[in-house]
Amino acid sequence: MTSPPPKRRTLTLRDVSEASGVSEMTVSRVLRNRGEVSAATRARVLQAAKALGYVPNRIAGGLASQRVNLVGVIIPSLSNMVFPEVLRGISDELEDTGLQPVVGVTNYLPEREDRVIYEMLSWRPSGLIVAGIEHSDAARAMLANAGVPVVEIMDVDGTPVDSMVGISHLRAGREMAKAILAAGYRRIAFLGTQMPNDHRARKRMQGFEAALAEAGLELADREFYSGGSALLKGREMTEAVLKRSPDLDFIYYSNDMIGGGGLLWCLERGIDVPGQLGLAGFNGVELLDGLPCRLATMDACRIEIGRGAAEIVAGKAGDAPGITIELTPRLDLGDTVRKTA
């Protein structure tokens with residue numbers, strides 16, 4: 001039986017001082033941007049701090065050795081319908097703990113995520129919840145040395161810094177492909193937004209393609225967009241891919257919002273869905289419940305993910321580090337996939 005990893009300690013000015021070869025006072029001046037310090041020394045200190053993952057403590061005076069009752073929650077988007085439900089799960093679970101969630105948004109940009117993590121940790125929160133498990137080296141260093149519970153959410157296809165709660169997007173993509181193939185579709189396209197920075201959508205596509213390959217097939221077409229998801233963008237992308245590949249018989253969207261837009265575009269043009277063309281999205285967002293027919297989708301367990309992460313941060317899941325909670329998304333073929341006998 002292996003012993004649990006040692007509890008991480010918070011890095012101090014001394015660690016940066018030793019790594020950079022200058023005094024703690026000089027390190028303090030550089031990090032506070034006060035006093036006269038040469039450009040070369042400043043660069044050496046900042047490089048050492050970044051490599052270590054050191055974040056200065058912005059809590060003043062007598063509170064310097066304490067933690068505030070805040071939990072940093074870092075998500076890629078507030079416009080994406082997925083994350084408000086995750087936040088609801090976090091907020092509900094923290095309600096009776098005295099901890100309050102504070103939200104930072106990265107817009108799917110790694111450099112922005114670095115800044116948000118840095119700012120969050122500088123206020124010495126009681127925990128940190130971060131969407132995704134792909135981060136820059138600087139971000140991973142900061143998270144690894146945060147000295148508080150860190151929970152990466154939404155994904156379990158990888159190695160976490162500490163704990164993680166989510167689903168396997170590789171498996172989700174495979175399961176959707178198997179259902180589509182079982183319904184008899186063969187000319188299949190993938191449409192995705194926030195590509196390539198949405199790592200979870202990329203993994204679903206990889207799992208999807210792997211299952212197609214096992215059946216001797218490959219994607220007939222694909223359409224990517226680097227911006228956000230919206231019904232209008234789904235309409236535009238669907239029109240573009242069908243103009244290019246009119247013989248498609250199925251479109252798999254990276255999320256329900258563009259899938260809903262694609263469904264509306266098809267229905268307006270009299271396309272037989274699901275007979276002539278099948279459609280599927282991902283996330284199971286309630287916003288699309290009012291459409292003329294139900295889009296095939298997978299519920300990504302958003303509220304459960306938020307609750308599970310909050311339980312770990314609040315210590316409700318036990319004191320052992322490195323907790324992994326994998327949830328199973330629920331497949332709903334709706335009205336846009338042909339029924340099999």
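Student: Which residues form one aromatic cluster?

Tutor: In this predicted model, the cluster consists of Phe-190, Phe-208, Phe-224 and Tyr-252. The count of aromatic pairs comes to four.

Student: Why is the pair of Phe-190 and Phe-224 called edge-to-face?

Tutor: A pair of aromatic rings is described by the distance of the centres and the angle of the planes. Rings pair if their centres lie within 6.5 Å, and planes over 60 degrees apart count as edge-to-face. The centres of Phe-190 and Phe-224 are 6.3 Å apart and their planes stand at 75°, so this pair is edge-to-face. The two residues come from distant parts of the chain: Phe-190 belongs to strand S6 (residues 188–193) and Phe-224 to strand S7 (residues 221–225), 34 residues apart.

Student: What makes Phe-190 count as buried?

Tutor: Buried means under 20% relative accessible area. Phe-190 has 0% relative accessibility and therefore counts as buried.

Student: Why does Phe-224 count as partly exposed?

Tutor: The partly exposed class lies between the buried limit of 20% and the exposed limit of 50%. Phe-224, at 39% relative accessibility, therefore counts as partly exposed.

Student: What kind of aromatic pair do Phe-190 and Tyr-252 form?

Tutor: Phe-190 and Tyr-252 form an edge-to-face pair, with 5.6 Å from centre to centre and 75° between the planes. Phe-190 lies in strand S6 and Tyr-252 in strand S8 (residues 250–253), so the pair ties together parts that are 62 residues apart in sequence. Both residues are buried.

Student: How do you know that Lys-233 lies over the face of Tyr-225?

Tutor: One requirement is that NZ of Lys is within 6 Å of the ring centre, and another is that it is within 35 degrees of the ring normal. Lys-233 is at 3.9 Å from the ring centre of Tyr-225 and lies over its face. In another such arrangement, the charged end of Arg-338 sits over the ring of Tyr-185, 3.9 Å from its centre.

Student: What makes S2 and S11 edge strands of the open sheet?

Tutor: The six strands of this sheet follow the order S2-S1-S3-S4-S5-S11, with parallel pairing. Strand S2 (100–105) and strand S11 (324–326) are the edge strands, as each pairs on one side only. Neighbouring strands are turned by 15° against each other on average, direction ignored.

Student: How do you know that strands S4 and S5 pair?

Tutor: Two strands pair if there are at least two bridges between them. Strand S4 (residues 150–155) and strand S5 (residues 163–167) pair over five bridges, in the parallel sense. Glu-152 has Met-164 in S5 as its bridge partner.

Key:
Residues numbered from 1 in each chain as written. Predicted model: local features only at pLDDT ≥ 70, side-chain atom pairs only at ≥ 80, totals over all residues. Heavy atoms only, no water. Helix = DSSP H or I, 4+ residues; strand = E, 2+ residues; numbered from the N terminus. Axes fitted to C-alpha atoms, helices over the stretch in contact; angles between N-to-C directions. Phe/Tyr/Trp six-rings, centres within 6.5 Å; stacked < 30°, edge-to-face > 60°. Buried < 20%, exposed > 50% of the residue type's maximum accessible area, 1.4 Å probe, protein only.
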